[in-house]
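Visitor: I am new to this structure. Please show me how to read it, one feature at a time.

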Amino acid sequence: MTAVATRTVRVVAALIPGPHDGQRFLVQQRLPGGSRALLWEFPGGKVEAGETDEAALARECREELDVELSVGRRLWENRHTYPDLTVELVLYGARLVSGEPKPLGAHALAFKTPAEMQSLPFCEADIPLLDDLVAGRLGALD
């Protein structure tokens, strides 16, 4: 049996605390009709060639949420293989600098506590991240 080569993409995500409640973080629901439709994930996206993680995260959040971010330290990373691709997922702490998040590239947005997130259907690559977040293993955002 021949192994199927899948493409690998580097994906950056932001752990963004709520503006009025630092115990809640922004999550987004993927658009219907695409891959992993209507599953939940942390905001972010693919890193383009020649782009730093931080620049990609700021760009993706500008394009998909209409917000400006201050990107902090790397909090977590993992690799997950789906049938169609392998994702190198890297999570950064981030803070909203300006703008109110709008679902420009998402079906829905919500500020949820880690415990509340556990009741949402998340993308498989995000589940170990969510487990670590709930268990308090990510440390301080900054």
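Predicted model: local features only at pLDDT ≥ 70, side-chain atom pairs only at ≥ 80, totals over all residues.

Visitor: Where does aspartate 66 lie?

Guide: Aspartate 66 sits in the loop between α1 and β5. Helices (H or I, at least four residues) and strands (E, at least two) are DSSP runs, numbered from the N terminus. Aspartate 66 counts as partly exposed, at 40% relative accessibility. Here buried means under 20% relative accessible area, exposed over 50%, and partly exposed in between (1.4 Å probe, protein chains only).

Visitor: How many residues does helix α1 have, and what span does it reach?

Guide: An α-helix has 3.6 residues a turn, so residues three or four places apart point the same way. Helix α1 covers residues 53-65, which is 13 residues. From first C-alpha to last it reaches 17 Å, close to the 18 Å expected at 1.5 Å a residue. That expected span is 1.5 Å times one less than the number of residues.

Visitor: Which residues of α1 are buried, and what covers them?

Guide: The buried ones are Asp53, Ala56, Leu57, Ala58, Arg59, Glu60, Cys61 and Leu65. Their cover includes β1 (7-15), β2 (25-29), β4 (44-46), β5 (68-81), β6 (85-98) and β7 (108-112).

Visitor: Which residues touch the most other members of the largest nonpolar core?

Guide: In soluble globular proteins, nonpolar side chains tend to be buried together. A nonpolar core is a set of buried Ala, Val, Leu, Ile, Met, Phe, Trp, Tyr and Cys residues joined through side-chain atoms within 4.5 Å. The largest one here has 25 residues, and Leu15, Val27, Phe42, Leu89, Leu91, Met117 and Phe122 touch the most other members. β1, β2, β5, β6 and α3 (127-134) each give two or more residues to this core. Apart from it lies another core, of 14 residues, among them Ala14, Val47, Leu65 and Leu69.

Visitor: What does phenylalanine 42 touch?

Guide: Contact means heavy atoms within 4.5 Å. Not counting residues up to four places away in sequence, phenylalanine 42 has contacts including Leu15, Val27, Met117, Phe122, Leu129 and Leu133.

Visitor: How many salt bridges are found in the whole structure?

Guide: Side chains of opposite charge can pair when their charged atoms come close. A salt bridge is a side-chain nitrogen of Lys or Arg within 4 Å of a carboxyl oxygen of Asp or Glu. The search finds 14. One of them joins arginine 36 and aspartate 84 (3.4 Å, N to O). Arginine 36 lies in the loop between β2 and β3 and aspartate 84 in the loop between β5 and β6, so the pair ties together parts that are 48 residues apart in sequence.

Visitor: Are arginine 59 and glutamate 51 buried or exposed?

Guide: Both arginine 59 and glutamate 51 are buried. They form a salt bridge, with the closest N and O atoms 2.7 Å apart.

Visitor: How do aspartate 132 and arginine 137 meet?

Guide: Their side chains meet in a salt bridge (2.7 Å, N to O). Aspartate 132 is buried, at 19% relative accessible area, whereas arginine 137 is exposed, at 55%. Elsewhere, salt bridges that share partners join Arg10, Asp53, Arg79 and Glu88 into one network.

Visitor: Which residues are in contact with glutamate 68?

Guide: Glutamate 68 is in strand β5. Leaving aside neighbours within four places in sequence, it is in contact with Arg62, Arg95, Leu96, Val97 and Ser98.

How values were computed:
Residues numbered from 1 in each chain as written. Heavy atoms only, no water.
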